[in-house]
Amino acid sequence: MYAVYIPLWNYKIQIYTKYTIYNIDVSIIICTFAWLLNLTYINNNKKSKMKQLNNIRQFSVILLLLSLLPLCVQAQTTESKEYTIVNNVDDLSNGDHIIIVSKYSTAMIGKVNTNSKSQRLLSTEITLNADKTLAYTNSDAACFTLVKTNDKFNFRSNEGKFINNVSEKNDSKDINLSDEISENTQATISFTKKYGDARILFEKNHPKYLNYVQDSRWFGFIESPSLGGPDVVYIYKLSSEIITKTKTRMLFGEDAKNTYDVTYGTTDFASPKANVYADNTIIADAKISYTSSNTDIATVDNDGKVTINNTNKYGETTITAAYSGDDNHYPCNASYTIKVNEKQKIATKLSFEEVDRQTIVVKVNEENKFTGAKAILSPVENGKITYSSSNDNVAKVDNEGNIHLNKIGETVISANYAGNETYAASSTFYRLQYRGESIVFASNYNSFNSLKDKYTTADLNFVDSISNKDYKWKVYEGKRTRQDKSLIQLDNRGGSLTSPEIDAPNGYNVTVLYYQEYTPGSTKVLEIKANNKNIESVFEKYGEEKQTNGTGFKVTAKIPQTSNFRIIPGRVAYISRIQIDINPIFNITLKESADNSQIIYAHKGEIINAQLERTLVADKWNTFCIPFNLSVADGKLCDVEAEVREYDRIEGDVLMFKESKEIVAGRPYLIRPKGKDINLERFFNSVRLTGPELEKSGDESFYMIGTYSNRTFSEEESSQYLFLNANAEFKHPKPGTTMKGMRAYFYCSPDVQASQMKVGFTDNSTDIKDIEQNNMQANSQRIYTINGSYVGTDKSLLPKGIYIINGKKYIK
């Protein structure tokens with residue numbers, strides 16, 4: 001019988017000791033074993049032919065000698081390195097040498113797979129001891145050095161490259177090695193308490209954890225690793241770098257509490273002292289740092305002494321004592337909470353007396369019937385009360401509780417007392433509604449009783465529930481429902497309601513409450529038209545979701561001027577209320593010593609009745625500017641004969657003004673009443689307020705401009721502006737000078753001398769007419785550019801150009 005020899009040269013058995021790895025070729029063992037068997041076989045077959053036996057024996061000896069040439073056991077002198085498992089991030093520091101291992105598969109990170117579009121870190125085998133706390137490898141390529149930046153870890157390979165998160169999608173596991181540290185190479189390390197596996201989180205590009213892919217035997221990224229599963233990884237640190245540390249704990253003493261409740265105002269809080277223990281022994285030289293999570297409540301110094309701040313703030317803070325550890329001790333910390341509770345204070349009451357927490361209605365042009373209310377505080381004497389309005393556009397309130405109404409609408413007027421260390425805070429309010437005229441037709445007032453219970457087309461009177469007046473409406477295909485508080489039922493095939501003409505120069509709002517069957521997205525709703533045009537409306541559900549006559553709706557539309565309106569249903573509609581809120585014509589008073597900007601802005605574009613707190617002095621030139629138009633076509637203003645001039649141009653040092661037969665809103669003027677003052681404290685009825693915009697008369701180098709409110713000039717502005725006094729003399733305003741409202745002033749370049757400037761008039765010609773005084777002739781020696789800049793008196797020094805001399809053009 002012949003023995004068969006199979007050379008298995010590629011298979012080895014590895015034996016690891018602490019410092020050396022031994023490889024034994026499997027083929028040598030097999031050949032040796034075969035030779036022994038063959039020898040035995042030959043010895044036991046004595047009847048075999050001797051020549052054949054000698055040949056077999058010689059072949060076995062030759063094969064054995066060939067296998068033993070490198071020695072039967074090949075001892076490799078490459079030294080293996082031992083690594084110890086780490087389960088506490090405090091055991092890791094900058095410069096540590098580590099390997100990243102899958103204990104379940106006894107594999108560790110090897111090299112990058114560069115032959116695939118998907119970038120992965122390939123694995124290589126590793127040897128673990130029985131309890132898997134120690135790992136052995138002689139592969140330096142698998143070892144990483146920790147580099148700390150920004151309290152995070154970077155993993156640098158022996159080739160100087162860093163693990164890099166290059167995944168761009170949520171399901172991407174792509175991983176690579178980069179040459180430089182970046183946000184994508186930085187990771188945080190934590191360990192699970194139960195299993196001790198490492199959570200290595202790379203937060204950039206997309207937050208991912210480093211993990212092991214068991215089926216493919218490579219390392220990649222995952223969004224959420226399992227807990228102690230086969231995909232988790234472990235960190236092993238080079239055993240020679242392991243420093244044995246003692247666990248520590250922080251205690252605040254036997255009597256310490258987790259939470260301390262203290263009363264506001266406490267100044268002698270007994271701060272518990274922290275100590276660090278190692279094996280039940282206090283570390284005397286342990287450096288402890290203290291922090292407060294809310295320094296508004298309390299602060300803590302380096303010795304742990306706490307100070308309650310008592311700055312009218314209540315709440316809680318956490319005081320933390322921390323020990324950072326050292327070469328022999330782990331770090332530790334402990335904390336306690338301080339709750340600062342409000343001191344029991346004496347209760348206070350704040351009230352508006354007769355209007356407290358009520359709704360007050362003030363009608364337009366009846367503002368003097370309610371001017372505000374003063375809040376009363378008890379039992380505190382002389383406590384500071386502050387007032388506020390929830391909507392300053394409707395009404396402002398001053399420090400005394402007086403209200404200043406601006407525009408129709410609703411606001412809440414509040415009074416507040418902040419309290420102090422003895423008395424508790426308190427507040428109160430009342431609701432203020434500023435209204436114009438309203439007309440309301442409502443089913444619960446029987447406004448629609450003139451309708452029959454059959455579809456009708458007719459002119460019918462509906463009754464206003466406020467004034468009890470009748471208003472004639474045109475009804476098309478409408479009827480009254482038979483139930484109580486009957487509604488208007490309008491057919492959707494030609495049914496409609498047309499209102500009477502509503503006199504409202506500033507427009508009015510229409511609100512209709514009605515019911516109809518409704519399917520979202522496919523149901524036509526009620527329309528409102530005025531002047532044969534659809535009016536943009538606001539729809540909202542109103543009342544209960546479904547009632548007898550369908551779903552309740554409220555539709556609101558704004559009609560811009562005097563007109564009637566028409567209601568057209570989309571489906572059969574049941575109308576319960578039609579309310580018309582007329583935007584009123586306000587009586588507005590503009591005061592020369594007040595800031596009029598807010599009231600002008602609030603009524604911009606509206607028709608108003610305007611009153612001006614301003615008097616134009618007789619036989620003097622008065623600057624004038626108002627935010628609405630006035631006519632002076634007959635040469636009279638408020639029945640007083642007056643000259644009205646507007647800025648035309650500048651000729652040399654003379655400002656030219658031309659005659660004007662109207663006063664345009666926002667434009668500045670000169671007005672001289674003849675023989676009699678003009679008192680403007682009367683109402684200019686039904687004028688349109690244009691708004692706060694002002695017109696500049698002139699160009700950017702020299703212009704005249706008005707002001708509606710009092711205006712104070714700064715030191716810098718004093719050299720850039722001119723006033724014109726009653727004697728028609730120009731003056732620079734002194735710093736801090738305040739000009740009253742509804743007047744005008746002039747802008748000029750800083751080098752202009754006020755005393756040299758004159759005023760002249762022109763009547764559509766080039767002739768200059770002097771103002772009453774003979775001394776206001778233009779200085780013939782002074783030379784100006786076209787833009788009015790003074791350039792001297794000597795013509796010979798002028799460059800070529802066009803100039804103004806003695807009020808006339810001069811070309812050189």
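**A chat about pockets, cores and loops**

Reader: Hi! Let's start with Pro379: which strands does its loop lie between?
Author: Pro379 sits in the loop between strand S30 (376-378) and strand S31 (385-389). Keep in mind that this is a predicted model.

Reader: Thanks! What kind of peptide bond joins Ser378 and Pro379?
Author: A cis one, with omega at about 0°.

Reader: Where does the largest pocket lie relative to the domains?
Author: Between domain 3 (349-435) and domain 5 (586-764), because both give residues to its lining.

Reader: What about the second largest pocket, what's its volume?
Author: Its volume is about 610 Å³. The lining has 27 residues, and Arg435, Gly436, Glu437, Ser438 and Asp581 lie nearest the centre. Several strands give two or more residues to this lining, including S34 (409-417) and S47 (573-582).

Reader: Which domains does the lining of that second largest pocket draw on?
Author: At least three residues come from each of domain 3 (349-435) and domain 4 (438-582).

Reader: New topic! In the largest nonpolar core, which residues touch the most other members?
Author: Tyr430 and Leu432 do, in a core of 55 residues. Domain 3 (349-435) and domain 5 (586-764) each supply at least three residues to this core.

Reader: Leaving aside neighbours within four places in sequence, what is Leu432 in contact with?
Author: Its contacts include Ile360, Val362, Phe370, Ala395 and Ile403. Leu405 is also one of them, and Leu405 is among the residues nearest the centre of the largest pocket too.

Reader: Last one: is Glu353 buried or exposed?
Author: Glu353 counts as exposed, because its relative accessibility is 57%, over the 50% cut-off. Its phi is near 55°, a positive value in a residue other than glycine.

Reader: And Met742, buried or exposed?
Author: Met742 is buried, with a relative accessible area of 1%. Met742 also has a positive phi, about 60°, although it is not a glycine. You'll find it in the loop between strand S65 (738-739) and strand S66 (743-747).

Technical notes
Residues numbered from 1 in each chain as written. Predicted model: local features only at pLDDT ≥ 70, side-chain atom pairs only at ≥ 80, totals over all residues. Heavy atoms only, no water. 1 Å grid on protein atoms, 1.4 Å probe; cavity = no way out; pocket = protein on both sides within 12 Å on 5 of 7 lines; lining within 4 Å. Domains from an automatic or database assignment. Points joined across faces, edges and corners; volume = space filled by probe spheres on them. Helix = DSSP H or I, 4+ residues; strand = E, 2+ residues; numbered from the N terminus. Core = buried A, V, L, I, M, F, W, Y, C linked by side-chain atoms within 4.5 Å. Buried < 20%, exposed > 50% of the residue type's maximum accessible area, 1.4 Å probe, protein only. Contact = heavy atoms within 4.5 Å.
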